[in-house]
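Trainee: I have a model open and I want to learn how to read it. Where do we begin?

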Amino acid sequence: MGKRTTSQLTSINIKTLDATTKAYGSATFRYMVEGKQMKHDVRITQTACNYGGVRYWFQCEYCRGRVCVLYISGGQCACRKCFNLAYQSERDTWQNQQYRKADNIRDRLGWAAGIANGDGVKPKGMHWKTFYKIKSEYDYRLQRIFVSTAEWCDKIRAELNL
Ligand SMILES: [Zn+2]
């Protein structure tokens, strides 16, 4: 069996936390696994930046290393190294993959890359049937991106009791 990759596990990026939480020095992540409430108290440390200000890090509870991203699996919360995860590629997160797939479809339709650019029109010479088929595939991708983003925001909000 090959190594699991970072994109296969749920991850928490320090960038998704708000300033108050980071300055507080720890964050608590709660979630359910098979009806069981799981909870991780994670320490947050800071280092000074070269250009002023501070940079925040999670502290992995296993290796005590400073990391930007922690992963959750099997009731454990740890860094990439402690889970022995391989990078699929540096920025190949699940969500980036979805964005890329959406952009591939946009490309097929001759639409400008980037979902924020909105839907374009049917390309000249393409059958409506083909267009609707591709368009529905695109809408499905978009839906998945939005749902995952919304779920993530709700989760973070619940954790921070906002
Ligand atoms: Zn670690």
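**Reading a helix, a sheet and a core**

Mentor: Begin with helix α2, residues 94–108. Its 15 residues should span 21 Å at 1.5 Å a residue, and its end C-alpha atoms are 21 Å apart, so the two values agree. The expected span is 1.5 Å times one less than the number of residues. G110 follows α2, with a positive phi near 75 degrees. This is a predicted model: local features need pLDDT of at least 70, side-chain atom pairs count only at pLDDT 80 or more, and totals for chains, interfaces and linings use all residues. Residues are numbered from 1 along each chain as its sequence is written.

Trainee: How many helices and strands does the protein chain have?

Mentor: Helices (H or I, at least four residues) and strands (E, at least two) are DSSP runs, numbered from the N terminus. The protein chain has three helices and seven strands.

Trainee: Which order do the strands of the open sheet have?

Mentor: Two strands pair if DSSP finds at least two bridges between them. Here the order is β2-β3-β4-β5, with antiparallel pairing. β2 (26–33) and β5 (66–67) are the edge strands, each pairing on one side only. Six bridges join β3 (residues 36–48) to β4 (residues 54–59). In β4, R55 is the bridge partner of T47.

Trainee: What makes up the largest nonpolar core?

Mentor: A nonpolar core is a set of buried Ala, Val, Leu, Ile, Met, Phe, Trp, Tyr and Cys residues joined through C-beta atoms within 7 Å. Buried means 20 or more other C-beta atoms within 10 Å of a residue's own, with C-beta atoms placed from the backbone. The largest core has ten residues, including F58, L70 and C77. β6 (69–73) and β7 (76–78) each give two or more residues to this core.

Technical notes. Buried ≥ 20, exposed ≤ 12 C-beta atoms within 10 Å, placed from the backbone.
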